[in-house]
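Take the structure below and follow it from single residues out to the whole chain.

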Amino acid sequence: VPIAGVLGWPIAHSRSPRLHGHWLQRYGIDGHYIPIPVMPEHLAEVLRAMPRMGFVGANVTIPHKESVLALADVVTDRAALIGAANTLIFRSDGKIHADNTDGYGFIANIRQHAPGWIPDLGPAALIGAGGAARAVVASLLESGVTELRIANRTRIRAEQIRAEFGARVVVYDWAQAGNMLEGAITVVNATSMGMDGKPPLRVPLDALAPGTLVTDLVYTPLMTPFLLEAQARGCEIVDGLGMLLHQAAPGFERWFGHRPEVDDDLRRAVL
Ligand code: ATR
């Protein structure tokens, strides 16, 4: 019986067990997916033991997404570029393969909910430059976006992304995050602002044109103040839950041999 799980510290609030559990049940697959709390200093030891315990792979979440790269035997190019992995495959030859599917999940979510979106039709504007933002940058550039504007409270993190991802990235000052939305056809919040218990993102949205694709990586609440205001301005809104759902699909398929569907049943199971 194949076993997979999610490694994090803490791990209690992870939605991945419900997500994969729903798919296992729906497809009648004899397998398990469990949450595994692992302290940072124990990650290497735990990873080494997992294949021998019957694990076929794992997801990794905070705080292990970066450190797992140094422990994997094979790291995909995109995981290396992003500087983090979220999906591990324990190969039959004993090697640990690390990939990052967050960018795939980000794009798949938009494509599912805004099928008319054409990423390379105009500039994209990204608010935030943390770990989650880097996966968005990689996937937008891979989708052919020719100009990717980034503003982050701590400007140097945005500069770092430009240094690593190249000249299609244009850094804006945090004080000019509102200006950066002018002419953008895709706008993304990749900061944690607007999350339950945190203040809303305070970027002026006056420059947002109706019809702009606006999405948020925050999904608690599903409709953040940022998305609500964009919606009121006539923008096309995609909430962030689907990114979580879609990023899980490649791992599930590799571990359990079935390409899973992302639909409303799954959304309800995970919420
Ligand atoms: P994640 O992996 O979720 O991206 P992170 O790497 O800690 O987590 O990044 C959090 C993002 O939210 C960053 O862009 C952060 O800005 P800084 O790089 O300046 O820290 C942004 N963020 C968090 N709190 C913020 C606040 N009060 N105002 C503006 N941006 C904030």
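R15 touches L244 and V270, leaving out residues up to four places away in sequence. The model is predicted. R15 sits in the loop between strand 1 (3–8) and helix 1 (16–26). With 18 other C-beta atoms within 10 Å, R15 is partly exposed, because the cut-off for a buried residue is 20 or more.

Y219 is found in the loop between strand 11 (213–216) and helix 8 (225–232). Is Y219 buried or exposed? Y219 counts as buried, with 20 C-beta neighbours inside 10 Å. Beyond its neighbours within four places in sequence, Y219 is in contact with D239, G240, L241 and L244. L244 is also a contact of R15.

K65 touches V60, A84, A85, N86 and G131, not counting residues up to four places away in sequence. K65 lies in the loop between strand 3 (55–60) and helix 3 (68–71). K65 is buried: 24 other C-beta atoms lie within 10 Å. K65 and L7 are 58 residues apart in sequence. In space, their C-alpha atoms are 9.4 Å apart.

Now step back to the whole chain. The protein has ten helices and twelve strands. Its radius of gyration is 19 Å, close to the 18 Å that the globule rule gives for 271 residues, so the protein is as compact as a globular protein of that length. Along the principal axes, the C-alpha atoms fill a box of roughly 55 × 40 × 35 Å. Of the 271 residues, 43% count as buried. Among contacts with a separation of 6 or more, 63% come from residues 24 or more positions apart.

How is the chain divided into domains? The assignment gives domain 1 (3–100 + 243–270) and domain 2 (103–239). Their centres, taken over C-alpha atoms, are separated by 26 Å. The contact between them takes 13 residues from domain 1 and 13 residues from domain 2. On the side of domain 1 that touches domain 2, helix 4 (77–82) and helix 9 (241–256) are the elements that give two or more residues. Helix 9 gives the most, with five residues. By class, this side of domain 1 has seven nonpolar, four polar and two charged residues.

In the unreviewed UniProt entry, "domain: SDH C-terminal" covers residues 240–263. This span is 67% helix and 0% strand. Its end C-alpha atoms lie 14 Å apart.

Next comes the core. The largest nonpolar core has 77 residues. Inside this core, L126, V136, V137 and I150 have the most contacts. Which element gives the largest share of the core? That share comes from helix 9, with eight residues. Domain 1 (3–100 + 243–270) and domain 2 (103–239) both give residues to the core, so the core lies between them.

L126 shows how some of these core residues meet. Leaving aside its neighbours within four places in sequence, L126 is in contact with A133, V136, V137, L148, R149, I150, V188 and A190. V136, V137 and I150 in that list are also among the core residues with the most contacts.

One more residue ends the tour. R157 lies in helix 7 (residues 155–165). R157 is partly exposed, with 17 other C-beta atoms within 10 Å. Apart from its neighbours within four places in sequence, R157 is in contact with A129 and N152. R157 and A132 are 25 residues apart along the chain, and their C-alpha atoms are separated by 12 Å.

How values were computed
Residues are numbered from 1 along each chain as its sequence is written. This is a predicted model: local features need pLDDT of at least 70, side-chain atom pairs count only at pLDDT 80 or more; totals for chains, interfaces and linings use all residues. Helices (H or I, at least four residues) and strands (E, at least two) are DSSP runs, numbered from the N terminus. A residue is buried if 20 or more other C-beta atoms lie within 10 Å of its own, exposed if 12 or fewer, and partly exposed in between; C-beta atoms are placed from the backbone. Two residues are in contact if their C-beta atoms, placed from the backbone, lie within 7 Å. The radius of gyration is taken over C-alpha atoms; the globule rule is 2.2 Å times the number of residues to the power 0.38. Domain bounds come from an automatic or database domain assignment. Ala, Val, Leu, Ile, Met, Phe, Trp, Tyr, Cys and Pro count as nonpolar, Asp, Glu, Lys and Arg as charged, and the others, Gly among them, as polar. A nonpolar core is a set of buried Ala, Val, Leu, Ile, Met, Phe, Trp, Tyr and Cys residues joined through C-beta atoms within 7 Å. UniProt positions are given in the numbering used here, feature names are shortened, and annotations may be inferred rather than shown by experiment.
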